[in-house]
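Biologist: Please show me the model. I would like to go through it by question and answer.

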Amino acid sequence: MSLESVRAWFAQHAPDIAVEESTMSSATVPLAAEAYGVPPEQIAKTLSLRVGERVVLIVTSGTMRLDNKKAKALLGGKPKMLGVHEVADLTGHEVGGVCPFGLKAPLPIYCDVSLQAFDVVVPAAGSTHSAVRIAPQRMAELVGAEWVDVCEDRSAPAQP
């Protein structure tokens with residue numbers, strides 16, 4: 001059902017973008033990178049968060065982690081990851097297929113600046129076996145996302 005809502009969303013808003021399906025699971029960043037032939041940092045993962053009574057989505061580079069201090073300052077409260085059932089109920093997408101497209105109901109969407117390092121990123125497309133290839137700027141424009149700096153690359157050595 002979720003894959004169909006994403007296909008319908010693209011048919012209406014960006015018919016030039018094709019949803020790709022893989023026989024391999026793309027439910028995690030490493031699996032998605034392998035399935036779609038891109039480095040893990042080029043996967044655009046979507047974090048589903050609750051801040052008080054609000055639910056928001058943050059799309060970030062696959063190798064980035066949420067910086068809780070930055071996110072709390074931006075969102076006005078401590079963000080908490082949604083549970084598996086909450087994710088599906090609120091977004092209409094299963095965990096591993098969550099994306100900012102074809103949502104069950106409108107949600108605030110933020111794109112982390114880490115995505116701007118790439119000409120094309122690969123976010124999921126509503127299922128654990130689907131994705132799209134899209135320019136980060138176009139993705140943000142299509143979903144009405146605000147650009148923010150709320151993540152950090154924990155794989156990089158710490159700065160002195």
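Modeller: One definition before we start: two strands pair if DSSP finds at least two bridges between them. Note also that this is a predicted model.

Biologist: Which residue in S6 does Ile58 stand opposite?

Modeller: Start with the strands. Strand S3 (residues 54-61) pairs with S6 in the parallel sense. Three bridges join S3 and S6. In S6, the residue opposite Ile58 is Tyr110.

Biologist: Which residue in S9 stands opposite Asp112?

Modeller: S6 has a parallel pairing with strand S9 (residues 146-148) too, over three bridges. In S9, the residue opposite Asp112 is Val148.

Biologist: Are the residues on the two sides of S6 buried or exposed?

Modeller: Take one side first: Ile109 and Cys111. The cut-off for burial is under 20% relative accessible area.

Biologist: How is the aromatic pair of Trp9 and Phe10 classed?

Modeller: The structure holds three aromatic pairs. In the pair of Trp9 and Phe10, the centres are 5.1 Å apart and the planes make 85 degrees. Planes over 60 degrees apart count as edge-to-face. The class for Trp9 and Phe10 is therefore edge-to-face.

Biologist: How far apart in sequence are the parts that the pair of Trp9 and Phe101 ties together?

Modeller: This pair is tilted, at 5.3 Å centre to centre with 45 degrees between the planes. Trp9 lies in helix H1 (residues 2-13). Phe101 lies in the loop between helix H4 (84-91) and strand S6 (109-112), so the parts tied together are apart in sequence by 92 residues.

Biologist: Which residues do ring pairs link into a cluster with Trp9?

Modeller: Trp9 pairs with Phe10. Trp9 also pairs with Phe101. Trp9 and Phe10 are both buried, and Phe101 is buried as well. The residues linked with Trp9 are Phe10 and Phe101.

Biologist: Why does Pro79 count as buried?

Modeller: Pro79 is in the loop between helix H3 (68-75) and strand S5 (80-81). Buried means under 20% relative accessible area. Pro79 counts as buried because its relative accessibility is 8%.

Biologist: What distance separates the C-alpha atoms of Pro79 and Arg50?

Modeller: Leave aside neighbours within four places in sequence. Pro79 then has contacts that include Leu49, Arg50 and Val51. Leu66, Asn68, Ala71 and Lys72 are also among them. Pro79 and Arg50 are 29 residues apart along the chain, yet the separation of their C-alpha atoms is 5.6 Å.

Terms used: Residues are numbered from 1 along each chain as its sequence is written. This is a predicted model: local features need pLDDT of at least 70, side-chain atom pairs count only at pLDDT 80 or more; totals for chains, interfaces and linings use all residues. Side-chain values use heavy atoms; hydrogens and water are left out. Helices (H or I, at least four residues) and strands (E, at least two) are DSSP runs, numbered from the N terminus. Buried means under 20% relative accessible area, exposed over 50%, partly exposed in between (1.4 Å probe, protein chains only). Contact means heavy atoms within 4.5 Å. Rings of Phe, Tyr and Trp (its six-membered ring) pair if their centres lie within 6.5 Å; planes under 30 degrees apart count as stacked, over 60 as edge-to-face and the rest as tilted.
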